[in-house]
Amino acid sequence: MKEKTLAQKYLYNGKIVKLREDKAVTSEGCEVERTVVEHPGGVGIALEDEDGRFFFVTQWRYAQGKTTLEYPAGKREKGESDLDVAKREIAEETGYLGKDWFYLGTIYPTPAYDTETIGMYYARKDRFVGQHLDADEFINISKLTLDEITDKILNGEVHDAKTIAMTFLVRKLKERGKI
């Protein structure tokens, strides 16, 4: 089922993504064209406070034309490990450090044409160090219990894939005593 790349042609090289068209050959010998979005990926962080509530960000997502409710998250920078990104982003967005970090896994949001992967982490809230948002970042912070976020997901109020996946993972890992 593996395909071999024969040629690549870059069509766009942007600030966050690159777009290319590939020619490939399937394991059955059929030549095909594939369009690929190259994305550096990112991480999502489920940060839990001492009362069992999780930090969430509400922000405008331009591509969707909507405000979304999500776990804090951020894009990988060149040379950063996923855990480094998680630690940086949680402090920038919430103002808190995390402790007792636990890796939840990786998801592929759109594997058919996009190289983006999202590493997912759970952490407990540590000390406050101050929020440091990017100049173009405007977010509101809220806290919800797992039951509250699960209800919002089931009611169709949350569409963010990482938030849905992370809520499931955190809930199940808590039920099993892993976190």
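Biologist: Which residues of helix α2 are buried?

Modeller: This is a predicted model, and every value that follows is computed from it. In helix α2, residues 146-154, the buried residues are Leu-146, Ile-149, Thr-150 and Ile-153.

Biologist: What puts these residues on the same side of α2?

Modeller: They span an arc of only 105 degrees around the axis, and therefore they lie on the same side of α2. An α-helix has 3.6 residues a turn, so residues three or four places apart point the same way.

Biologist: What covers the buried residues of α2?

Modeller: The cover includes strands β5 (54-61), β6 (66-70) and β10 (139-144), together with helix α3 (161-175). After α2 comes Gly-156, which has a positive phi near 80 degrees.

Biologist: Why is Thr-163 called buried?

Modeller: The cut-off for buried is under 20% relative accessible area. Thr-163 has 0%, and therefore counts as buried. Thr-163 is located in helix α3. Leaving aside neighbours within four places in sequence, Thr-163 is in contact with Phe-56, Leu-69, Glu-70, Tyr-71, Ile-149, Ile-153 and Val-158.

Biologist: What makes the approach of Thr-163 to Asp-160 a polar contact?

Modeller: The limit is 3.5 Å between N or O atoms. The side chains of Thr-163 and Asp-160 make their polar contact at 2.6 Å.

Biologist: Why is Thr-110 called partly exposed?

Modeller: Partly exposed is the class between the limits of under 20% for buried and over 50% for exposed. Thr-110 has a relative accessible area of 25%, so it is partly exposed. Thr-110 belongs to the loop between β8 and β9. From Thr-110 to Ala-86 the separation is 24 residues in sequence and 21 Å in space, C-alpha to C-alpha.

Biologist: How do you know that the side chains of Lys-125 and Glu-50 meet in a salt bridge?

Modeller: The criterion is a side-chain nitrogen of Lys or Arg within 4 Å of a carboxyl oxygen of Asp or Glu. For Lys-125 and Glu-50 the N to O distance is 3.1 Å, and the pair is a salt bridge. It links distant parts of the chain, with Lys-125 in strand β9 and Glu-50 in the loop between β4 (42-48) and β5, 75 residues apart. Lys-125 has a relative accessible area of 16% and is therefore buried, whereas Glu-50, at 59%, is exposed. The count by this rule is 20 salt bridges.

Biologist: What can be said of the salt bridge between Glu-70 and Arg-61?

Modeller: The N to O distance of Glu-70 and Arg-61 is 2.8 Å. Glu-70, at 2% relative accessibility, counts as buried, while Arg-61, at 33%, counts as partly exposed. Another salt bridge joins Lys-75 and Glu-77 at 3.4 Å, N to O. Lys-75 is partly exposed at 27%, and Glu-77 is partly exposed at 40%. Through shared partners, salt bridges join Arg-61, Glu-70, Asp-160 and Lys-162 into one network.

Biologist: How many aromatic pairs are there by the rule applied?

Modeller: The count is seven aromatic pairs. In one of them, Phe-55 and Tyr-96 lie 5.4 Å apart, centre to centre, with 50 degrees between the planes, and the pair is tilted. Phe-55 lies in strand β5 and Tyr-96 in strand β8, so the pair ties together parts 41 residues apart in sequence.

Biologist: What makes the pair of Trp-101 and Tyr-121 edge-to-face?

Modeller: Edge-to-face requires an angle over 60 degrees. The planes of Trp-101 and Tyr-121 stand at 75 degrees, with centres 6.2 Å apart, and the pair is edge-to-face. Trp-101 is in strand β8 and Tyr-121 in strand β9, 20 residues apart.

Biologist: Which residues have the most contacts inside the largest nonpolar core?

Modeller: That core has 19 residues, and those with the most contacts inside it are Phe-54, Tyr-71, Ile-149 and Val-170. Two or more residues come from each of β5, β8, β9, α2 and α3. Apart from this core lies another, of 10 residues, among them Val-43, Ala-86, Ile-90 and Tyr-96.

Terms used:
Residues numbered from 1 in each chain as written. Predicted model: local features only at pLDDT ≥ 70, side-chain atom pairs only at ≥ 80, totals over all residues. Heavy atoms only, no water. Buried < 20%, exposed > 50% of the residue type's maximum accessible area, 1.4 Å probe, protein only. Helix = DSSP H or I, 4+ residues; strand = E, 2+ residues; numbered from the N terminus. Arc of directions from axis to C-beta. Contact = heavy atoms within 4.5 Å. Phe/Tyr/Trp six-rings, centres within 6.5 Å; stacked < 30°, edge-to-face > 60°. Core = buried A, V, L, I, M, F, W, Y, C linked by side-chain atoms within 4.5 Å. Polar contact = N/O pair within 3.5 Å; in protein donor to acceptor, adjacent residues only side chain to side chain.
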